[in-house]
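Dear colleague,

Please find below the structure that I am handing over to you, with its sequence.

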Number of protein chains: 2
Amino acid sequence: MKKYNFNAGPSMLPREVIENTAKQLLDFDGHGLSLMEISHRAKYFQPVIDEAVALIKELLDIPEGYSVIFLGGGASLQFMQIPANFLIKKAGYVNTGTWAKKAMKEAKMFGEVVEVASSADKNYTYLPHNFEIPSDLDYLHITTNNTIYGTEISKEIDAPVPLIGDMSSDIMSRPVDVSKYTAIYAGAQKNMAMAGVTVIIVKDDMLGQAPRELPTMIDYRTHVDKGSMFNTPPVVPIYSLLETMRWVKAQGGVTEMDRRAHERADILYGEIDRNKLFRGTVAEEDRSLMNICFVMNDEYKELEKDFFDFATERGMVGIKGHRSVGGFRASCYNAQTIEGVNAMVQAMKDFEAQH
Amino acid sequence: MKKYNFNAGPSMLPREVIENTAKQLLDFDGHGLSLMEISHRAKYFQPVIDEAVALIKELLDIPEGYSVIFLGGGASLQFMQIPANFLIKKAGYVNTGTWAKKAMKEAKMFGEVVEVASSADKNYTYLPHNFEIPSDLDYLHITTNNTIYGTEISKEIDAPVPLIGDMSSDIMSRPVDVSKYTAIYAGAQKNMAMAGVTVIIVKDDMLGQAPRELPTMIDYRTHVDKGSMFNTPPVVPIYSLLETMRWVKAQGGVTEMDRRAHERADILYGEIDRNKLFRGTVAEEDRSLMNICFVMNDEYKELEKDFFDFATERGMVGIKGHRSVGGFRASCYNAQTIEGVNAMVQAMKDFEAQH
C-alpha cells in the first residue's frame, strides 16, 4: 500500500533526494568508496559543502555579510548557542509555545530575557499581533512556525531591533527578508535534509560582541572561520541537504515552494472547515501552512480513534496530533504532494459519509 | 579499480553495513518510508536505539550503573561537555597531542587543569609512562588513541582517580575495563558509524555533581533521562551505528577485533621495519594499531611524492600523513581487511624494488 507521509519531522523528503542519497552510499560519485566512509577532508567533499552553502544563499537571497554554517546537535543546542553568542544585556522572546519556551529557558542563563508577547492564555492557538517591542533589545527571537500548535509567522515582523528566527519547520518554504535577521537557525530535518544537521545563517559583524568566554564549539566564529569543517561534519546528512536544495531550485525555488504550500493548505483547511466532523485548532489568520492541526468537533469526539484507524488503513502516516493539542496534524512540508493531501481529504470525506 | 580505504576518519566501514544502510534509505524495514523520513518517535525507531545501546553494553561488557547516549556535535563538543559535567575543582589531562590539547583548552574554562604528563618534547612520538597522578583530581582525562601521531594507550592506566577517555579512534577495537571510567566518549565515524553521531558512556552516579548551572543540551542528564530522544537524534547515523555493532558482534566481538588489529598491525609495521625506504615514527611500544604512521628514511626523502602517487595508482586512498607529522598514515580500523593491508605492503615492496 502506498504511504502518505505526514510526519512532523523528520519528515517527507522528495523521492529523488532519497534515491540519489542511497546511491551515493553505495559509491560516492564513482570514486569507489561509500559516502559513509569518505574523508570530510577529501578534495571531492569540499564541493558538497560549497554547493550546499551557495544554494542556500541563492535560494534565500541572502545578502552579503552573512555566513551559512552546518552544525550537529539540533535546534535545541541552538537554544543555548544563540544567546551565548548574541545576548549582551537583554533579549526579547515572542512566546508562541513549546519551542519558544525552551529557547527562553536557555537564554535566561546568559542575560535578561523579556517575554515581549505570548499566546499562552489560549494554549498558543493564535499568534500575538501588534505588541510593543522595546528598542533596547539585543535581538528579538521568534519561532516562525510552531509544529505542535500549528501556527506560523509568515509575514515579516517589523521590529526596531534585529530578529533571530528559529525557522526549523518552515525554512525554505517561502521567501524571507534575511537582512532583518542577526541569525536564522533550523534543524534541517523538515524542509532541508535527513536528521543530523542544523543550518545556521549568521550576520558576520554581529559575532564576537557578547561579553563572555565561549567554548570553541559554541562560538559561531569557529565554524564560520573553518567553513563548517573545524571538526568532522555530519557528512551524509549534509549531502542529503545538498540534494534537497538542488531539488528546491529545480522546482522553482522558494516562491514555488510557497505557492505549493498555499495550494496544499487551501485544500486541507478547506476540507477541515467544510467537513462537519472536524474543526481547525488555530485562529484562521495564524494557521501554519506546514503543520495543519485539527480535531473532531465536540459532538464527534468519540470518533477520534476510529478516524485515526480509518486514515491509517488508507496509508496516512504520522497524522496524530501532538499530545498537548490532541486530534490530528497533517504536516505538509515542501516535499508533500497534492496527491497526499487529496488522499487525506478523501479519507475525511469518506469518513464523514459513514457518520 | 578496487580502492583500499585507509582514511583516518570518516573511514572504512564493513560493506554489509553500507549496503544494509543504503537499502533502509529506500524503504525502512518494509514500512514504505525511507529511513531518512521516518519520525524518531515512530514505534519502529525506538528498537533501533534500544538495540544499539544494548549491543554497545554487551560488546564492551559495560557494568550496571552506566548509561549509553547518542549526541550530535562530534567529540569536539565533548571537549567542553565533559568538564562542564564532571569538573568540580581540578582535573588532570595526559597530553598526547592535538586532541588532548584541544580537550585541555576547553576544560580550563571550567576549573583547574593539571597537565599530568606530556610527550610534547618529542612531538608526541611516544606515550608518557610511569607518571605521578595526583589523588585529588576529579578525573584523569586520556586520549586512548591519537590519530595524528599514531600512538595508542592500549593497556589500562592504573590511576587513583576515575578516568575519562576520549576513545574516538579506538573504541570497539579491543576490550576495555569500563568500570575504571567516569565517562568514555567517541565520535563514531571511525569504528562505529558514519559521521554525525557521538557515543557517550557515562557513570550515572557521577552526574549532577558539578557546581554550575548547565544548559539543558549540555547536561548529560537530559539525554540519559530521555534515552537520547530529548530532541531529534541523528536517525540515519544512529542506524548505521546499529548495523556496525551487529557486524562487530557477528564477527566475534571486541576480542576478535583486537586479534585482527594485531594481525594487520604486525603485517604493516613488519614491512615498515623491514623495508629500507621507510621507518615508523612512533616508539615501538607505543605504536597505534589503528593509525599506522611512517615516513621515508632520510636518504629517500625525495621519493615521498613518488611513493604517494605509486600507491594511489594501485588503489590506496587516504594514506597521506597528517601535515604535522608528514609521510604516510595507513588507518586500519575494524573494517580494514588483510587484503587491504597486503595491497599496501605489496606497494611498499614493489616500490622498494624499483629503488
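**Findings**

In chain A, P10(A) is found in the loop between β1 (4–5) and α1. The model is a predicted one, and the remarks below should be read with that in mind. The bond that joins G9(A) and P10(A) is a cis peptide bond, with omega at about -5°. The other chain shows a cis peptide bond between G9(B) and P10(B), again with omega of about -5°, and P10(B) is found in the loop between β1 (4–5) and α1 of chain B. Most peptide bonds are trans, and most residues other than glycine have a negative phi. A further backbone feature concerns N123(A), which has a positive phi of about 50° although it is not a glycine. N123(A) is found in the loop between β4 (112–118) and β5 (140–143) of chain A.

**Chain A as a whole**

The secondary structure of chain A consists of nine helices and 14 strands. The radius of gyration of chain A is 21 Å, close to the 20 Å that the globule rule gives for 355 residues, so chain A is as compact as a globular protein of that length. Along its principal axes, the C-alpha trace of chain A spans about 60 × 55 × 30 Å.

The domain assignment divides chain A into domain 1 (15–251) and domain 2 (253–354). The C-alpha centres of these two domains of chain A lie 27 Å apart. Where they meet, 23 residues of domain 1 are in contact with 24 residues of domain 2. On the domain 1 side, β7 (151–152) and α6 of chain A are the elements that give two or more residues, and α6(A) provides the largest share, three residues. By type, the residues on this side of domain 1 divide into nine nonpolar, nine polar and five charged.

**Packing of α1 and α6 in chain A**

Two packed helices are described by the angle between their axes and the distance between the axes. For α1 (residues 15–26) and α6 (residues 235–251) of chain A, the axes come within 9 Å and cross at roughly 140°. The crossing of α1(A) and α6(A) is right-handed. From α1(A), the contact is made by E16(A), V17(A), N20(A), T21(A) and Q24(A), and from α6(A) by Y239(A), S240(A), E243(A), T244(A) and W247(A). The residues of this contact between α1(A) and α6(A) divide into three nonpolar, five polar and two charged.

**The two chains together**

How many residues of chain B are in contact with chain A? There are 52, and they are in contact with 52 residues of chain A. On the chain B side, α1 (15–26), α3 (74–86) and α6 (235–251) each supply at least two residues. The largest share on that side, five residues, comes from α1(B). The residues of the side of chain B that touches chain A divide into 27 nonpolar, 21 polar and four charged.

Two copies of a chain are related by a rotation about an axis and a shift along it. Here, a rotation of 180° with 0.0 Å of shift along its axis superposes chain B on chain A, with an RMSD of 0.0 Å. The two copies are therefore related as by a two-fold rotation axis.

With kind regards

Methods. Residues are numbered from 1 along each chain as its sequence is written. Chains are lettered from A and ligands numbered from 1 in the order in which they are written. This is a predicted model: local features need pLDDT of at least 70, side-chain atom pairs count only at pLDDT 80 or more; totals for chains, interfaces and linings use all residues. Two residues are in contact if their C-beta atoms, placed from the backbone, lie within 7 Å. Helices (H or I, at least four residues) and strands (E, at least two) are DSSP runs, numbered from the N terminus. Ala, Val, Leu, Ile, Met, Phe, Trp, Tyr, Cys and Pro count as nonpolar, Asp, Glu, Lys and Arg as charged, and the others, Gly among them, as polar. Axes are lines fitted to C-alpha atoms, for helices over the stretch in contact, and angles run from 0 to 180 degrees between N-to-C directions. A crossing is left-handed if the near helix is turned anticlockwise from the far one by less than a right angle, and right-handed if clockwise. Domain bounds come from an automatic or database domain assignment. Copies are superposed by least squares on the C-alpha atoms of residues with pLDDT of at least 70 in both. The radius of gyration is taken over C-alpha atoms; the globule rule is 2.2 Å times the number of residues to the power 0.38.
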